[in-house]
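Good morning, and thank you for coming. I shall take you through one model today, chain by chain, and then turn to the place where the chains meet.

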Amino acid sequence: MPTASPAVEIDGLVMAYGDKVAVDGLSLEVARGSVTAVLGPNGAGKTTTLETCEGYRVPQRGTVRVLGLDPQRDRAALLPRIGVMLQAGGAWSGVRAVEMLEHMASLHALPLDTEMLVERLGLGDCGRTPYRRLSGGQKQRLGLAIALVGRPELVFVDEPTAGMDPQARRTTWELLEEIRADGVTVVLTTHHMDEAEHLADRIHIIDRGRVITSGTPAELTRGGRSATIRLVVNRPFPEGAPESLRAELGPETEVRQLDEVSMLIHGPADSTTLGRVSRWCEEHGVLPQTLNLGQRTLEDVFLELTGRELAS
Amino acid sequence: MSPRTFAPAPGGASLRRMVLAQSRMEARLMLRNGEQLLLAIVIPVIVLVGGVAAAGRIGIDLDGHRAVDILTPGVLALAVMSTAFTSVAISTGFERRYGVIKLLGASPLPRHGLLLGKVLALLNVVALQLVVLVVVGLLLGWEPTLDAPARTVLGVVLAVALGTAAFAALGLFVAGALRAEATLALANLVYLLLMAGGGVVLPTSTYGAASTVIQWLPSGALGEAMRTALVEAGVDGRSLLVLAAWAALGTLLTARTFRWE
């Protein structure tokens, strides 16, 4: 697609609530036609950044351009061109799901076929259900349908799969991939690294209101000093196994027991670690059936950059 | 699946279409909501039927008129107040709480379109209420004055329009400034207090010394303007001015304080 200007351009954005700084000099760009994930822990400033792009908040410092427009000054020109999925709410409590979608469709000149959206998002069963009785996942799917119904050029989706079961999550991912293929730019926030890895062309990891690293999923997970090792053994681990294994491997390693025969080990990605794990197994009378050096994940990237865990 | 189902083709509908859609939606939701319907229709009907029955049993009349002729205009005023003030305040308060106003704020519907839609919905519901209550009044033997029908119609139209404007502006002020629960409580409390002592249903003159205050309240002014039009075939200029002043004050307060989220 020919690109006059990036879909989103944020330069040096600062947003504070009282003396709490939510966004602290954040800069990023979103190319047209891409899926961009803004990944970070809760409270990192993701929603505030999105809401500034959507025209809800006035930048306190820095500039924000969306489709080349100023979300404040050019609000009336911008709003019909973007789709917004809020993190929560957005509908009357007594409105029926399909009625709400049809209402939002009626505010647009050339809306999508609402029946098609209802079918694609599996909202048929709850079409006549009042909003307040929808499940969390149904509300999320309705929110996504509302964001898409006006055939926007650019959609902002805030935590699109929060509260969804795995199947709905998969359906949502497929839909987001399809709208990207059809030429819609997608900006999504998430704190699920697998979601960002699966969907995004480009990921911006943000923490404490700043972009700490950006790149394609492959760029971000290439190389690195640590990895996750998955260990499955032939019989239950003895009592106190995680602590004893951790003592063997050293303080920079983390060990988490998943069930009685498997553990996740997070630590240096080298053969010394693997050797020590096998020796420990031998000493404790268990036989490794899987000893798997996993690929570096975004979780590892985040941990290395901040010293903290991403997922809550 | 056709190719490029989601190909971008953005654009808002015309303002007229958006406002009509918004007003239809809001009116539908108002009439679907049980509590709001209670306020809009059931309570005014009970007040009217009960008031006329009680007056008939005790055999009183009001200012030398039959009770039904005085009470019906008052109940019409009550209906305007219930919808324009209480329903608007409560529904708008919860729209803020549930993020409806936020979501619409990112849609092509501009804020003035949202307000226009609200006003239209409100006028539709008020019209429906008035039709129902006029029928109930006529069934109870109500005989509005026919001395000067043109002046009566003018007086009623002005009273309903200015009364709706005044109460809706005040309702939006409350909804925009307070939390949804506080709005719910306050809007209902104010409604009950004004219904009982605000000069809506009963003429302000029946309140004795308090009447000098009550006639300056929006409730008293609306009640008096309706009674003047429907009992005496007059246009009550002073009450209409009072309503206009309340409308201006409410609009000013709302514009200064309303928070969309």
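How many helices and how many strands are there in chain B? Chain B has 10 helices and zero strands. Read from the N terminus, its elements therefore run as α-α-α-α-α-α-α-α-α-α.

Please keep in mind that this is a predicted model. For the model, the scores are ipTM 0.88 and pTM 0.83. In chain B the mean pLDDT is 93, with 97% of the residues at 70 or more. Within that chain, helix H2 of chain B, residues 34-58, has the lowest confidence, with a mean of 90. The highest belongs to helix H9 of chain B, residues 218-232, at 97.

As to the dimensions of chain B, its C-alpha atoms fill a box of roughly 75 × 35 × 30 Å along the principal axes.

Let us now turn to chain A. Chain A is divided into domain 1, residues 8-221, and domain 2, residues 226-295. The centres of domain 1 and domain 2 of chain A, taken over C-alpha atoms, are separated by 39 Å.

Chain A also contains an open sheet of four strands, with antiparallel pairing and the order S11-S12-S10-S13. At its edges are strand S11 (254-259) and strand S13 (288-293) of chain A, each of which pairs on one side only. From one strand to the next, the twist averages 20°. Seven bridges join strand S10 (residues 226-233) and strand S12 (residues 262-268) of chain A in the antiparallel sense. Here A:Arg230 stands opposite A:Leu264 in S12 of chain A. Helix H10 of chain A, residues 271-283, packs on the sheet and touches S10, S12 and S13 of chain A. The direction of helix H10 of chain A makes about 165° with that of S13 of chain A.

Finally, the interface. Which chain A elements give two or more residues to the side that touches chain B? In total, 34 residues of chain A are in contact with 30 residues of chain B. The elements in question are helix H3 (97-106) and helix H6 (166-181) of chain A. Helix H3 of chain A gives the most, with three residues. By residue type, this side of chain A divides into 18 nonpolar, 10 polar and six charged.

Definitions and conventions. Residues numbered from 1 in each chain as written. Chains lettered and ligands numbered in written order. Predicted model: local features only at pLDDT ≥ 70, side-chain atom pairs only at ≥ 80, totals over all residues. Domains from an automatic or database assignment. pLDDT = per-residue confidence, 0-100. Pairing = 2+ DSSP bridges. Axes fitted to C-alpha atoms, helices over the stretch in contact; angles between N-to-C directions. Contact = placed C-beta atoms within 7 Å. Nonpolar A, V, L, I, M, F, W, Y, C, P; charged D, E, K, R; others polar.
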